[in-house]
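Please open the model in a viewer and keep the selection panel at hand. The stops below are given in the order in which they may be selected.

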Amino acid sequence: MGPGAEHRRRGPGERAGDWNLVEGVGRVTRLEPSRPRFGSPAHRRFSSGATYPNIPLSSPLPGVPKPIFATVDGQEKFETKVTTLDNGLRVASQNKFGQFCTLGILINSGSRYEAKYLSGIAHFLEKLAFSSTARFDSKDEILLTLEKHGGICDCQTSRDTTMYAVSADSKGLDTVVGLLADVVLHPRLTDEEIEMTRMAVQFELEDLNMRPDPEPLLTEMIHEAAFRENTVGLHRFCPVENIGKIDREVLHSYLKNYYTPDRMVLAGVGVEHEHLVECARKYLLGVQPAWGAPGAVDVDSSVAQYTGGIIKVERDMSNVSLGPTPIPELTHIMVGLESCSFLEEDFIPFAVLNMMMGGGGSFSAGGPGKGMFSRLYLNVLNRHHWMYNATSYHHSYEDTGLLCIHASADPRQVREMVEIITKEFILMGRTVDLVELERAKTQLMSMLMMNLESRPVIFEDVGRQVLATHSRKLPHELCTLIRNVKPEDIKRVASKMLRGKPAVAALGDLTDLPTYEHIQAALSSRDGRLPRTYRLFR
C-alpha cells in the first residue's frame, strides 16, 4: 500500500479479498468493495423487490403450496362428549388443540356429606391427596413421574365436590390416568402421612384466624348461620377438637360410601375422547379400592334446609396487620338471603343480579371491566368514604343458594353500615335501570368467556356440570340465557328472595351491632331502615 493509502479496519464477517485498492487522482488510493469476476455487482434480492411484482397482500403468492387448516365438519365441534362406563363412572372430554391437556377425577364428596361422620374428613383428604399409593412409595415419586410429562397436580375440596387434577403433556395420557386412578382408589394413608396432615390442618386453622382478609372465615360463618347444622352449613374446615380423632379407619369408612364409581367423573380437556375412554376402562373399571369392595352403601341424600340466623365472633381486630402502614381496626359484617340452586332457571337472573351489585374494596383499581359502575360502588363506596369494603357474593349448590353482601367499616359505624346494606337489599326489588342491566349482562358474558380461555377452568366447568347434570351447557347457550334476562326477572327473583329470613355473620368489635330482629325488620320494611333505638343514657 502506498504512502497515501487509507487504513481501514475489516468489519465483522468480511473476508480479506472483499475489498480492492483503487488508485485515485493524485496517487491517493481508496478502498472499494470487490465485484464478482463475471456479471453485474452482487446485491441481495428482497421479497419486496421485483420477484413478485404488483401482488397485493390479500392474494396468495404464486407457487406457494396452499395451506391446510383445521376444519369442523358440519356441526359445531365444541360440544362435550360424555360416555358412561358399566360401573356408572362418567367420562367427559372437551376438544382443545394444544400440546398439553388437563384432566382429573371429580367426586360427589365434601363437607356437606359429613353429618354422620367426624367433621373435617374432606379437609383431611384434600391434604392427603397425591401421597403414597399402592404403586408409588412417596409423593416425590408421584411428582417425578409427572415431571417426565411436564405435569403438575392439585387437589381441591369444596362443600359438595372433591377434585383431583393434573395438567401434563397429552402424550402422557395413559400414565396420568393410571396415576390418578391410583391416587384416588389406592392411597396408603400411612400413620406418618396422617400425622403430617394433622400438623398441616392445625397450621391452616391458625392462619385462617390470623390473616388480615377475613373473607374465607366469614363465608364459613354465613353458611353456618344460613343452614344451621345441615348439609352446606356443616364445617368445611376441620374443627380443632377433631384433628386428633381422624385416623385411617375413619377415613376408610367415609371413602367406602362416597368414593364409588357412580359418584365420579373423569374429565379431560385437550384429549381424544376415545383414548380417554380406553384409559378409563383400563384403570377405573373392575378395580377394587384399598378400602375393599363396597357393601351396602350408606349415602346422605339430605336436601339443604335454609334456617337463617346469626353467627357472631367477638374479636380484637386492632392488631391483625402490624407494620409501617397497618390496616385500621375494622368490623366485618356479611348479610345473606337464600337464592336458588344452579339447576333452576332463576340461577341466571341471580348471577346477573350479583354482577349488577358488584362492589369491591375501597382501594380497588379502576379500569374497564372492574365494576366501577356497579351499585355497591356507586351507591355505597363512592358516597360513604368510611366504608372499606362492600362486595356481593353468590354461592350456588345443587339444591340451594345464597346471595350475600360483605361490608367492612370502623367499629363505631357498624350500625350505619348495616343499614346501608339492608337498604341495598331492598333496592334490589325495585325498578331496574336498563342501562345498568345491559352493563351487568355484558360484564357477566365477558367474564364467562374470558375465564373459559383457560384450560383448567374449562376442565372444572366440564367436570362440575357433568357431575351435576350428566351433560354440559356450552358457553354460547349460557350467553343466550344471559341476554334473555329482563328487568322484570331481576325484580321477581329479588322480591322472592327478600321474603325469606336473613343470615348474618359478624366478626370484630360488635358493641354497636344491631340485633338480629332489627336486621330482619329492616329487610321486611319498605325502605330498609333499621328500627330506631332510644337510649336514656349515652
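This is a predicted model: local features need pLDDT of at least 70, side-chain atom pairs count only at pLDDT 80 or more; totals for chains, interfaces and linings use all residues.

Select H3 (residues 173–185) together with H7 (residues 273–284). Their axes come within 9 Å and cross at roughly 40°; H3 and H7 are therefore oblique to each other. The crossing in which H3 passes H7 is right-handed. Display side chains at this contact: on H3, Leu173, Asp174, Val177, Gly178, Ala181 and Leu185 take part, and they meet His275, Leu276, Cys279, Ala280, Lys282, Tyr283 and Leu284 of H7. Sorted by class, this contact comprises nine nonpolar, two polar and two charged residues.

Next, select the largest nonpolar core. Among its 74 residues, those touching the most other members are Phe130, Tyr164, Leu251, Tyr259 and Leu266. H3 gives the most to this core, with nine residues. A second, separate core has 54 residues, including Val352, Met357, Leu381 and Val418.

Centre the view on Tyr259. Leaving aside residues up to four places away in sequence, Tyr259 touches Ile107, Ser109, Leu125, Thr162, Tyr164, Val184, Leu185, Met264 and Trp291.

Finally, turn to the backbone of two loop residues. Most residues other than glycine have a negative phi. Phe130, in the loop between H1 (121–128) and H2 (139–147), has a positive phi near 60°. Phe130 counts as buried because its relative accessibility is 3%, where the cut-off is under 20%. Leu189, in the loop between H3 and H4 (191–210), has a positive phi near 55°. Leu189 also counts as buried, at 3% relative accessibility.

How values were computed. Residues are numbered from 1 along each chain as its sequence is written. Side-chain values use heavy atoms; hydrogens and water are left out. A nonpolar core is a set of buried Ala, Val, Leu, Ile, Met, Phe, Trp, Tyr and Cys residues joined through side-chain atoms within 4.5 Å. Buried means under 20% relative accessible area, exposed over 50%, partly exposed in between (1.4 Å probe, protein chains only). Helices (H or I, at least four residues) and strands (E, at least two) are DSSP runs, numbered from the N terminus. Contact means heavy atoms within 4.5 Å. Axes are lines fitted to C-alpha atoms, for helices over the stretch in contact, and angles run from 0 to 180 degrees between N-to-C directions. Angles under 35 degrees count as roughly parallel, over 145 as roughly antiparallel, 65 to 115 as roughly perpendicular and the rest as oblique. A crossing is left-handed if the near helix is turned anticlockwise from the far one by less than a right angle, and right-handed if clockwise. Ala, Val, Leu, Ile, Met, Phe, Trp, Tyr, Cys and Pro count as nonpolar, Asp, Glu, Lys and Arg as charged, and the others, Gly among them, as polar.
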